[in-house]
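Work through the exercises below with the structure in view. Each task is followed by its solution.

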Amino acid sequence: MLRQRIITAAWLAPLMLAGLFGLDGGAFALFTAVVVLLGGWEWTNLAGIEGRGRRLVLVAVLALAMALLWASGAALAAWPLWLGLAGWALNLTWVTHYPARTVQWAAPARRLAMGLWVLLPAWVGLNVLRELGGLWLLFVLVLVWSADIGAYFAGRAFGRHKLAPAVSPGKSWEGVAGGLAATLLLALVVAVAQGLGGRDGALLVLTTLAVTLVSVLGDLLESMLKRHRGIKDSSNLLPGHGGVLDRIDSLTAALPLFALLVPGVL
């Protein structure tokens, strides 16, 4: 499994970096749309949709929604990001009350609707951040990676108190603290490197900590859906990695919030 993960990462990482930072405008939107649509394909599985044909139709509907957002200019607007945050507020209640409130979202149609407010605002967030320049897009990516790494090592070393045992038994509050410590350090380094003043530096730190906490929710949401579905891999698109959504689950939650908050730091 480790060997397969390394092989997949070896070709995937350069491709993603080239697409994210070598493209802009419509080309960037198209590249990231493909990634999100692959996540949409996996989401149809998480929603319990059977049959390749039905799943392809649903992915086509998602693609149409993205095309309409782009054509109307909403792919760079704030309102889809606010709608996404409202959806994540619902996701938070379901994750923290799992499995007690499963009946509220378990129907396939409701899980599909959940996918819309998870995936579309994340795509809009990517476009908004790319318009602000590569720095802040890179920052939120490194933020999520740093949070994951900090949580992993802190959780292994100190993890005693379970974060959400019914959803993801391996995650701990100590891991969350480790993730926050890692991203706090990142924010301080960037604030100094960018010459941000006291106010803007403090805003970056607060934004970073808030987005770090929200990114944890993105990870937990996918874990909840996989647990409900009884699967470990939402597809075989990325061998050894648990699927495309496994790579972007934290980002789907982090992007809308960060895209809304970071203009206040600029």
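**Exercise 1.** Which residues line the largest cavity?

The model is predicted, with local features needing pLDDT of at least 70, side-chain atom pairs counting only at pLDDT 80 or more, and totals for chains, interfaces and linings using all residues. Residues are numbered from 1 along each chain as its sequence is written, and side-chain values use heavy atoms, leaving out hydrogens and water.

Step 1. On a 1 Å grid over the protein atoms alone, a cavity is a set of points where a 1.4 Å probe fits but cannot get out, and lining residues have an atom within 4 Å of a point.

Step 2. The largest cavity has a volume of about 50 Å³, a volume being the space filled by probe spheres set on the points.

Step 3. Its lining consists of Trp-43, Trp-88, Val-118, Gly-218, Leu-221, Glu-222, Leu-245, Asp-249 and Thr-252. The elements giving two or more residues to this lining are α8 and α9.

Step 4. By type, the lining residues are five nonpolar, two polar and two charged.

**Exercise 2.** Find what Leu-221 touches, not counting residues up to four places away in sequence.

Step 1. Contact means heavy atoms within 4.5 Å.

Step 2. Leu-221 touches Trp-43, Trp-88, Asn-91, Val-95, Met-114 and Val-118. Of these, Trp-43, Trp-88 and Val-118 also line the largest cavity.

**Exercise 3.** State how the lining of the second largest pocket divides by residue type.

Step 1. The lining has 17 residues, with Leu-92, Thr-96, Leu-163, Leu-217 and Leu-220 nearest the pocket centre.

Step 2. The division is 16 nonpolar, one polar and no charged.

Terms used:
1 Å grid on protein atoms, 1.4 Å probe; cavity = no way out; pocket = protein on both sides within 12 Å on 5 of 7 lines; lining within 4 Å. Nonpolar A, V, L, I, M, F, W, Y, C, P; charged D, E, K, R; others polar. Helix = DSSP H or I, 4+ residues; strand = E, 2+ residues; numbered from the N terminus.
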